[in-house]
Amino acid sequence: MADGLLGHAEDMLGCERVTVPELRFLARGLTDALRDVRRIAESRGARLAATGQGLDAGGE
């Protein structure tokens, strides 16, 4: 979803005829995608910390 939104955002931001409702819709989609990415990153970080494979332990 994030990949599709990024492509759409690039197209919309390059267009001079974008309306405020269109930008708000895009912002909502980007916000939702970013929230999902953050949730996944936090979950993975918690699992790495629980197994001792964090960055301090030599993992990437």
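This report describes the helices, the nonpolar core and the salt bridges of a predicted model.

## Basis of the model

Residues are numbered from 1 along each chain as its sequence is written. In this predicted model, local features need pLDDT of at least 70 and side-chain atom pairs count only at pLDDT 80 or more, while totals for chains, interfaces and linings use all residues; side-chain values use heavy atoms, without hydrogens and water.

## Overall make-up

The protein has two helices and zero strands. Both kinds of element are DSSP runs, numbered from the N terminus: helices are H or I with at least four residues, strands are E with at least two. Of the 60 residues in the protein, 12% are buried. Buried means under 20% relative accessible area, exposed means over 50%, and partly exposed lies in between (1.4 Å probe, protein chains only).

The protein exposes about 5200 Å². Carbon and sulfur atoms supply 56% of that area. Accessible areas come from the Shrake-Rupley method with a 1.4 Å probe; for residues, only the protein chains shown count as cover.

## Helix H1

Helix H1 covers residues 2-13. Its twelve residues should span 16 Å at 1.5 Å a residue, and its end C-alpha atoms are 16 Å apart, which agrees. The expected span is 1.5 Å times one less than the number of residues.

The buried residues of H1 are Leu5, Ala9 and Met12. They cover an arc of only 70° around the axis, which puts them on the same side of H1. The arc is that of the directions from the helix axis to the C-beta atoms. The face turned away from this buried side carries exposed residues: Asp3, Gly4, Glu10 and Asp11. What covers the buried residues of H1 includes H2.

## Helix H2

Helix H2 runs over residues 20-51. At 1.5 Å a residue, its 32 residues should span 46 Å; the end C-alpha atoms are 46 Å apart, which agrees. Gly52 follows H2 and has a positive phi, near 75°.

Leu26, Gly29 and Ala33 are the buried residues of H2. They pack against H1. Ala33 is in contact (heavy atoms within 4.5 Å) with Met1, Ala2 and Leu5, leaving aside its neighbours within four places in sequence.

## The nonpolar core

Which residues form the largest nonpolar core? It has six: Leu5, Ala9, Met12, Val18, Leu26 and Ala33. The elements giving two or more residues to this core are H1 and H2. H1 supplies the largest share, three residues. A nonpolar core is a set of buried Ala, Val, Leu, Ile, Met, Phe, Trp, Tyr and Cys residues joined through side-chain atoms within 4.5 Å.

## Salt bridges

The structure holds three salt bridges. A salt bridge is a side-chain nitrogen of Lys or Arg within 4 Å of a carboxyl oxygen of Asp or Glu. Asp32 takes part in one with Arg28, where the closest N and O atoms are 3.8 Å apart. Asp32 also forms one with Arg35, at 3.1 Å. In H2, Arg28 lies four residues from Asp32, and Arg35 lies three residues from Asp32. Each spacing is about one turn of the helix. Asp32 is partly exposed, at 27% relative accessibility, and Arg35 is partly exposed at 40%.

Arg39 and Asp36 also meet in a salt bridge (3.8 Å, N to O). They are three residues apart in H2, so about one helical turn separates them. Asp36 counts as partly exposed, at 33% relative accessibility. Salt bridges that share partners join Arg28, Asp32 and Arg35 into one network.
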